[in-house]
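Hi,

Here is the model I promised to pass on.

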Amino acid sequence: MSLLDVENLWVKFPTRQGVFDAVRGVSFTLGKERLGIVGESGSGKSMTGRAILRLIRPPGIVQADHIKLGGDDLLQKSEKDMRAVRGQRISMVMQDPKFSLNPVMRIGDQLIEAYRLANKSDRKGAKSTAIEALEAVSIRDPERVMRAYPHEMSGGMGQRIMIAMMLIPDPEILIADEPTSALDVSVQRQVLSIMDKLVTDRGMGLIFISHDLNLVADFCDRVLIMYSGRVVEVCQADRLHEATHPYTRGLLKSLPRLDQPQGKLQVLKRDPAWADAPSVSGRA
Amino acid sequence: MSMLSVSDLNVWFGTGRDRVDAVRDATFDVPAGESFGLVGESGSGKSTILRAITGLAPTWSGRIEVNGMTLGPRRDRAFYKTVQMVFQDPYASLHPRHSVDAVLGETLHLHGFKDIDARVVKLLDDVGLGGQFRFRYPHQLSGGQRQRVAIARALAGEPEILLLDEPTSALDVSVQAEILNLLTDLRAERSLTYVMVSHDLAVVGHMCGRLAVMKDGRIVEIMDVQALRDRQATHPYSQELLRNSIGA
């Protein structure tokens, strides 16, 4: 049984030069798994994540045959009903914690607010839940962090706080848009393993959006590779290095490797046909 | 002969109890024509070393020698003819309201060149941007193209040393490959000396001959790239860094 079922998703932006299609006919399902979406900037991977939550601002248009969460079609919901979905049933972690936390509000107050929006609870109960949530993402001394402001936190801590906040309502699906690209390699690992543990323990579905092929190959179960708004290839993450599409192969080859020194890196040669080919279905 | 020599470099910010020692007793030597890497996590002081060399971090002590000349507290024009820097974020390092032509023209003017028009064309050519990019503004360029402009600007004074502060970390992998290839070619053509800061060991492994691993402002280890490839780091921190990067 899949948690999320997306069929024929389009994201369009009307411009003076005509309609620009940022996402073109993407279909996939998400079960209780870690689904990676990779691609370069401008490939439509972030737009796909946002479109699921209907976070595309007008004049942008989201169209799809359906975006089913459980039995409900998210596209049929009113804006008011969507608010009960966002954060509560589907949460999103963005790239940079600096821009997603309120800079003039203590972290504790933000966490408590997030909890009380979802649950009818008094401040005290909310506070202890918030502290538990911070402990769940391995933050030392959560009492102190509760009193601190976002600018007093490092990038890695900020990102863990964001993850804690997203997990308080216990959502069914977590969409993580480049959650670790602002972080150091050592911290990256930490944040990933925390996310991994939470996803497995709670049986959540995870959509992991990233431009880092190796990271996705390592961390996810299944990968969609996007190019100019379409899914060009779907593969098992551990088989990513056996990918067949020339675009995926080109991306993999353009990475410098420690174990295979080479004078010159291979540069990706783009074939216009890649953008024209129909989207591959990402149904499990 | 060493092109750049840094010994017992200390850099600090703030005073009293707010004092932060960003770099402590850093010592390394880069021979002419070599490409030297600085790796470490954020906050380890690797970018600060580059900033101290270019004079962007005023509070430092120790000794910095460029091409045999010891640097004083101020940098003169001759210094900037020899040493130039390329910054991490091509989106932030170009003036949004100056066209490519204005950016390069002004730089050339400051370096005291007369034949600016011909040189702008030549520079753009050298970094693989054609003449059609000359009158564009930064918002009309992609990230990779902007970084090429930033590299062209650094090359304007015909420097001998390029300091590269994470030149590709804001770019896609496919574009990263193009920029790294460009830097490799330029180094070969102009026999440049590079000091490159990166958190990506694979990039440093590809570009550099030797590298220093930094932690908490100190250089914990200087090793050959071959040792890096063979996973022969001796310091426990470098071993950990290697493990983290290879896994990723």
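Below is what I found, starting with how to read the numbers.

This is a predicted model, in which local features need pLDDT of at least 70 and side-chain atom pairs count only at pLDDT 80 or more, while totals for chains, interfaces and linings use all residues. Residues are numbered from 1 along each chain as its sequence is written, chains are lettered from A and ligands numbered from 1 in the order in which they are written, and side-chain values use heavy atoms, with hydrogens and water left out.

**The sheet in chain B**

Chain B has an open sheet of six strands, in the order β6-β7-β8-β3-β9-β10, and the pairing is mixed. Strands here are DSSP runs of E with at least two residues, helices are runs of H or I with at least four, and both are numbered from the N terminus. Two strands pair if DSSP finds at least two bridges between them. As a reminder, strands of a sheet pair through backbone hydrogen bonds, either parallel or antiparallel.

Which strands stand at the edges? They are β6 (83–86) and β10 (218–224) of chain B; each has a single partner strand, so one side of each is left without a neighbour in the sheet. From one strand to the next, the twist averages 20 degrees. (Axes are lines fitted to C-alpha atoms, for helices over the stretch in contact, and angles run from 0 to 180 degrees between N-to-C directions.)

Further in, β3 (residues 35–39) and β9 (residues 210–215) of chain B pair in the parallel sense over four bridges. On β9(B), R210(B) is the residue opposite F36(B).

Helix α5 (residues 143–155) of chain B lies across β6 and β7 (161–165) of chain B and runs at about 170 degrees to β6(B). Helix α6 (residues 173–190) of chain B packs on the sheet and touches β3, β7 and β8 (193–197) of chain B, its direction making about 155 degrees with that of β8(B). Contact means heavy atoms within 4.5 Å.

**Aromatic pairs**

Over all chains, the structure holds six aromatic pairs. Rings of Phe, Tyr and Trp (its six-membered ring) pair if their centres lie within 6.5 Å; planes under 30 degrees apart count as stacked, over 60 as edge-to-face and the rest as tilted.

One of the pairs is F208(A) with F219(A): the centres are 5.0 Å apart and the planes at 55 degrees, so the pair is tilted. It links distant parts of the chain, with F208(A) in strand β9 (residues 205–210) of chain A and F219(A) in helix α9 (residues 213–219) of chain A, eleven residues apart. Are these two buried or exposed? Both F208(A) and F219(A) are buried, where buried means under 20% relative accessible area, exposed over 50% and partly exposed in between (1.4 Å probe, protein chains only).

F28(B) and F36(B) have ring centres 4.9 Å apart and planes at 10 degrees, so this pair is stacked. F28(B) is buried at 3% relative accessibility, and F36(B) is buried at 0%. Over in chain A, Y227(A), Y247(A) and W274(A) form one aromatic cluster.

**A buried serine**

S238(B) sits in helix α9 (residues 236–247) of chain B and is buried, with a relative accessible area of 2%. Beyond its neighbours within four places in sequence, S238(B) is in contact with V213(B), V220(B), E221(B), M223(B) and A233(B).

Most residues other than glycine have a negative phi, and most peptide bonds are trans. Here are the spots to check against that.

- A cis peptide bond joins P58(A) and P59(A), with omega about 10 degrees. P59(A) is in the loop between α1 (45–52) and β4 (61–63) of chain A.
- R54(A) has a positive phi, near 55 degrees, and lies in the loop between α1 and β4 of chain A.
- D170(A) also has a positive phi, near 55 degrees. D170(A) is in the loop between α7 and β8 (173–177) of chain A and is partly exposed, with a relative accessible area of 48%.

Cheers
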